[in-house]
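I have a new structure open and want to get to know it. These are my notes, in the order I looked things up.

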Amino acid sequence: MAAAEQKTSHVILTLIPIFLLLLYALFAASPFLDRKLSVAATVPAAAPPPPLTTEKIDVSSSDSRRNASGGLEKIEEELARARAAIREAIRSRSYRSYKEEEFVPSGPVYRNPTAFQQSHIEMVKRFKIWTYREGERPLVHRAPMTNIYSIEGQFLDEMESGKSPFRAQTPDEAHMFYIPVSVASIIHFIYQPVLTKKDYDRGRLHRIVDDYVGIVAGKYPYWNRSQGADHFVVSCHDWAPDVSKDNPKFYSKLIRVLCNANTSEGFRPARDASLPEVFLDYGRLGPVEPGGSDPSNRTTLAFFSGGIHGHIRRLLFERWHGKDRDVQVIERLPDRSIYMSRMARAKFCLCPSGHEVASPRIVEAISVGCVPVLISRNYSLPFGEVLDWSEFTVTVTVERIGEIKAILGGVSEERYLELFRRVKGVRRHFAVNRPARPYDLLHMVLHSLWLRRLNVRL
């Protein structure tokens, strides 16, 4: 009898691991099956956000998938309350806050200052972002903190430092999901050295991003339940728009926060968010300490210094390089401090697009009180849902580059002083602080994401 019981126990012990393996295989396979099914679903395009749209994209799925999120209904109820509070602020033209507000937006630089105020209040009170933890550095969880791509790294570090109040403690409480791939790091570590034209092939970039999204989509239910509509990537690298080109249907709902916000190359202002390009020196946040000369000490009408690349800059140099003392267009200065001091003594700073539409000169000009002159095509300006750029900048079309002196010279002194004051007024929205502060550049990026999440219903 004892021998029979021992034999039975041995058989049971042998079958248990096999049963567990089969069970694991079943559960491990099902997310990938769900992913294939969910990718095929179609969702209506989002409505443009400025300043806030109450129309919602319905990407809701089955009840079983809804229950798998473990709190999705609670999140949607929170967002509904936020939408209602913003609509009431717009109706009553007054905001309601749970604390005393240190800053109250006002004036024509804001499309709807009351809506912006209430939206920011709701964001600070509620908004949570989960950063996926899968993957290892340097291709994920690491990005440049300085130089031309610095804002990519600053945002990533802000969200992963553990100090941000917007950081979700669990994925089930998150309103949005951050895919922490760094296009700049991928280019630096995977594409160097570049020896031939073939080395620029974007296939490696596509595969890395696809693999990462495939891992998190297979491991968690969050991508599949929304088809990526509450997921986002952040990048300032020129190649960043390419992350979704290899599989546009799969990434059609993904939110891309990009410096290269070129609408002629697939940037979608209603879905994607424009990211300001900021040049940060090593060891400082800046780009420079806010300052600049008073209007009476600004002796240069217009100033530009930089490389001659891209069609727009070539036109600018052909017409103005070395030809006029009032419109100073020169090649790149060797010393950055001299460059910034020259900007600080100019009334207007020319901000032409180069190879790509974005330019750090816009933020640099704002930081030293120089009125930006925007010269670009198809550029979706940062924070355009909130800021009315026409109220603190001057736009010169590419076709009128030869008329820059006449256009800027025709700005009355009264209008110039008004622009100057407004540039100083929006400076806080382009300042990089760590940790982020209310209404600074990182908060504004978060607010752009917040608005897009308000426009989606899961």
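In what order do the strands of the open sheet of five run? I get β8-β7-β9-β10-β11, with parallel pairing. My strands (E, at least two residues) and helices (H or I, at least four) are DSSP runs numbered from the N terminus, and two strands pair if DSSP finds at least two bridges between them.

Before going on, I note that this is a predicted model, where local features need pLDDT of at least 70, side-chain atom pairs count only at pLDDT 80 or more, and totals for chains, interfaces and linings use all residues. Residues are numbered from 1 along each chain as its sequence is written, and side-chain values use heavy atoms, with hydrogens and water left out.

β8 pairs with β7 (residues 300-305) in the parallel sense over four bridges. Phenylalanine 304 has valine 329 in β8 as its bridge partner.

**Helix α5.** Next I looked at α5 (residues 150-160). Is it enclosed or left open by the rest of the structure? Nine of its 11 residues are buried, so α5 is largely enclosed. I call a residue buried under 20% relative accessible area, exposed over 50% and partly exposed in between (1.4 Å probe, protein chains only). The buried ones include Ile151, Phe155 and Met159. Their cover includes β2 (129-131), β3 (176-178), α6 (183-190), β4 (231-235) and α14 (441-454), where contact means heavy atoms within 4.5 Å. Just after α5, I found glycine 162 with a positive phi of about 90°.

**α5 against α14.** I find that the axes come within 11 Å and cross at roughly 80°; they are lines fitted to C-alpha atoms over the stretch in contact, with angles from 0 to 180 degrees between N-to-C directions. The two helices are therefore roughly perpendicular (65 to 115 degrees). The residues in contact include Phe155 of α5 and Leu446 of α14.

**Cores.** I took a nonpolar core as buried Ala, Val, Leu, Ile, Met, Phe, Trp, Tyr and Cys residues joined through side-chain atoms within 4.5 Å. The largest has 114 residues, and Phe155, Phe232, Phe348, Leu350 and Ile404 have the most contacts inside it. α14 gives the most to this core, with nine residues. A second, separate core of 10 residues includes Phe303 and Met340.

Note on methods: Parallel < 35°, antiparallel > 145°, perpendicular 65-115°, else oblique.
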